[in-house]
Amino acid sequence: MVVSLAWTLRQHFQGFPKPSDFQLKKETLPEPEDGEVLLEAVFLSVDPYMRPYSRNMMKEGDVMIGEQVAKVIKSRHPSFPVGCHVTSKCGWRSHWVCAGAELIPVLPDWPQDVSLSLALGAIGMPGLTALYGLEEVCGIKEGETLLVNAAAGAVGSIVGQIGKIKGCTVVGCAGTDAKLAYLKELGFDRAFNYKTVTSLEDALKEAAPNGYDCYFENVGGHFSSAVMPQMREFGRIAVCGSISMYNDTTPQTGPYVHSHMVFKQLKMEGFLCGRWKHKNQESLRRLMSWLTEGKLKSCEHVTSGFDNMPAAFIGMLKGDNIGKAVVKV
Ligand SMILES: NC(=O)C1=CN([C@@H]2O[C@H](COP(=O)(O)OP(=O)(O)OC[C@H]3O[C@@H](n4cnc5c(N)ncnc54)[C@H](OP(=O)(O)O)[C@@H]3O)[C@@H](O)[C@H]2O)C=CC1
Ligand SMILES: CCCCCCCCC/C=C/C=O
């Protein structure tokens with residue numbers, strides 16, 4: 001029998017999450033039955049969606065939701081032998097017993113020199129989100145000008161690089177000068193620190209005087225309001241997230257976007273990456289090819305120790321991470 005550690009939501013977040021909102025518990029797991037495996041977490045993901053989803057999907061006392069890369073350490077499933085690696089949505093747990101049907105194997109032929117943690121980042125959900133937002137929602141085309149915010153993060157850093165692969169001019173915004181230096185390394189054409197510019201409107205204008213064809217929206221709120229007047233006619237906006245609003249206790253209000261939407265004939269569409277899951281295998285292979293060809297770079301902010309899951313999550317929401325925030329057990 002294995003005793004698993006699990007981080008639970010002690011109480012629903014009020015405003016910005018704090019360490020006392022979480023509680024570490026022990027669970028005794030049963031032996032795997034036919035068709036089941038015992039998993040041991042290797043890398044766990046901390047993501048912004050956990051903040052809004054905790055309110056809708058969880059009740060107090062539940063184990064925190066989330067995805068991990070895990071190693072099979074006992075198996076009664078022929079497709080998942082001991083030693084293989086899988087991704088599992090079993091939450092913030094050190095171990096778990098589950099049916100093989102609930103697991104996704106990591107891509108076959110995963111290169112030895114590529115960390116398996118990327119299955120939670122560039123070659124996982126955030127990479128797919130970037131790809132689908134640009135291809136399926138924006139319908140991005142060569143020569144266009146693309147804007148992305150939270151640009152040095154897990155999704156944004158891949159968005160900008162795919163924009164460059166597709167022959168676009170890419171503008172990124174981020175919240176520290178170290179992040180701006182990273183965006184330059186990745187090949188972004190222009191980048192600015194939205195926290196230190198004197199006027200967001202002027203900074204957006206200076207970065208792309210002729211405006212933006214595509215806007216990959218990760219932040220929402222005031223930032224979004226400032227971008228709308230600077231969209232070009234027939235511009236497309238992929239609404240991926242709105243992290244600046246996730247911790248609000250009082251809802252933010254306008255300015256409202258309608259006149260820009262009408263007179264510039266804009267298309268604005270929210271999306272969840274799971275909509276195109278039928279394309280995931282082909283898309284993950286494409287992302288992996290770009291990575292191994294050196295066209296796509298990945299950076300991770302790795303926190304060590306399962307004990308530090310809450311700190312890693314809070315740090316990611318604060319903006320401590322460059323690239324994908326993960327925890328290594
Ligand atoms: N629709 C979908 O299917 C998916 C949506 N998402 C969304 O994509 C977005 C990015 O996620 P992800 O790449 O994983 O996260 P990141 O790795 O980008 O981490 C979050 C970043 O958000 C920025 N941030 C935090 N608070 C604010 C704020 N108040 N204003 C502006 N920026 C802020 C910080 O960067 P900085 O220093 O630049 O402020 C921080 O580093 C999120 O909105 C998320 O919810 C993610 C995955 C799937
Ligand atoms: C328990 C793991 C659930 C994984 C869900 C991933 C959903 C990503 C959609 C994100 C939306 C906003 O951030």
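Ala, Val, Leu, Ile, Met, Phe, Trp, Tyr, Cys and Pro count here as nonpolar, Asp, Glu, Lys and Arg as charged, and the others, Gly among them, as polar. By that division, the shell around ligand 2 has six nonpolar, two polar and two charged residues. The model is predicted.

**Overall chain**
- The chain has nine helices and 15 strands.
- Its radius of gyration is 20 Å, close to the 20 Å that the globule rule gives for 329 residues, so the chain is as compact as a globular protein of that length.
- The C-alpha trace spans about 65 × 45 × 35 Å along its principal axes.

**Site of ligand 2**
- The residues that surround ligand 2 are Pro 48, Tyr 49, Ile 65, Gly 66, Glu 67, Lys 89, Met 125, Gly 241, Leu 272 and Cys 273.
- Ligand 2 lies between domain 1 (2-114 + 299-328) and domain 2 (125-274), because both give residues to its shell.

**Packing of H2 and H8**
- Helix H2 (residues 125-138) packs with helix H8 (residues 280-292) at an angle of about 100 degrees, and their axes are 10 Å apart.
- Angles of 65 to 115 degrees count as roughly perpendicular, so H2 is roughly perpendicular to H8.
- On the H2 side, Gly 127, Leu 128 and Leu 131 make the contact, and on the H8 side Asn 280, Ser 283 and Leu 287 do.
- The residues of this contact comprise three nonpolar, three polar and no charged.

Note on methods: Residues numbered from 1 in each chain as written. Chains lettered and ligands numbered in written order. Predicted model: local features only at pLDDT ≥ 70, side-chain atom pairs only at ≥ 80, totals over all residues. Axes fitted to C-alpha atoms, helices over the stretch in contact; angles between N-to-C directions. Helix = DSSP H or I, 4+ residues; strand = E, 2+ residues; numbered from the N terminus. Parallel < 35°, antiparallel > 145°, perpendicular 65-115°, else oblique. Contact = placed C-beta atoms within 7 Å. Near = placed C-beta within 6 Å. Domains from an automatic or database assignment. Rg over C-alpha atoms; globule rule 2.2 N^0.38 Å.
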